[in-house]
Amino acid sequence: MATALNMELERRGLNDVVEEEDEERGKEGEQKASTCCDRVHKFISKWMLPEDARGTYLERATCIPPPVFIIIISFTELAVFIYYAVWKPQKQWITLDTGIWNSPFIYRPDKREEAWRFVSYMLVHAGVEHIVGNLFMQLLLGIPLEMVHKGHRVGLVYLAGVIGGSLASSICDPLQALVGASGGIYALIGGYFMNILVNFREMIPLFGITRLLIIIFIGKCDTFCAVSRNTVSFVAHIAGGLAGMSIGYTVFSCFDQALLRDPRFWMAIAAYLLCFVFAVVFNIFLSPAN
């Protein structure tokens, strides 16, 4: 009887030890995952935020949900590019021509009554270097920005640049067709650039200078590619950058505050809407493309 009791106690003791070991392994796995996630957020905070805002960001930072907006937009643009490169007739694959010109997505002056084209042109790209360059820039900058500011804010800035780019191009280059997401990308760059300038003293000098040099380098590379294509509306790039330097700056500078309570945001929105209304009136009544 005593032997059976001892064996039962030993069995229960072994079970308890196994359960404790399993719990310890689970905790170690969670700590490793947490440490990895924390390191990513700590690195991103140094590049995206001034020093006084990093603590607040790190307290609430989480890897769930992931930056889905930029990833979804990027995959959609890549899928549309592959569709027109593979399944639509092309004179050449490197620089797409016939297929995208007849696309319902491209912005065309003679199709301006189809209002969705002022937005959908961002999904279509004119060649391999065009799509690769745009995807590289928007993933490199868009993912960290979305991890800090979340998808709805990044999406607002991105789409403001896209719409602003097409409307500005329809005014300054009224006979120019338009493809590519550069307006949205330059909006992200413009907002990030303004935050670096405004908060430069609060950032580590080396990081601040490095970030400015990276933005300038990206701009020069994109300008070189645009010149080599000879079919790019620079106005769309400039307008996207200006949208980012106004709306993007106000959105990205108050990541830990209620955006709708910031008067700078409403001032930027009011200025943007004023330009929007002017562009719509111009396209309806004054455009040479009529």
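How many residues does the largest nonpolar core have, and which of them have the most contacts inside it? The model is predicted, so local features need pLDDT of at least 70 and side-chain atom pairs count only at pLDDT 80 or more, while totals for chains, interfaces and linings use all residues. Residues are numbered from 1 along each chain as its sequence is written, and side-chain values use heavy atoms, with hydrogens and water left out.

The largest nonpolar core has 51 residues, and Met48, Tyr158 and Leu188 have the most contacts inside it. A nonpolar core is a set of buried Ala, Val, Leu, Ile, Met, Phe, Trp, Tyr and Cys residues joined through side-chain atoms within 4.5 Å. Buried means under 20% relative accessible area, with a 1.4 Å probe and protein chains only. Among the elements that give two or more residues to this core are helix H1 (2-48), helix H7 (151-172), H8 and H10. Helices are DSSP runs (H or I, at least four residues), numbered from the N terminus.

Leu188 is in contact (heavy atoms within 4.5 Å) with residues including Ile70, Leu141, Val154, Tyr158 and Phe252, leaving aside neighbours within four places in sequence.

Now to the annotated site. An unreviewed UniProt entry lists Ser182 and His237 under "active site". UniProt positions follow the numbering used here, feature names are shortened, and annotations may be inferred rather than shown by experiment.

Ser182 lies in helix H8 (residues 182-198), and His237 in helix H10 (residues 234-252). Ser182 is buried, at 6% relative accessible area; His237 is also buried, at 8%. Not counting residues up to four places away in sequence, Ser182 touches His130, Asn134 and His237.

Key:
Buried means under 20% relative accessible area, exposed over 50%, partly exposed in between (1.4 Å probe, protein chains only).
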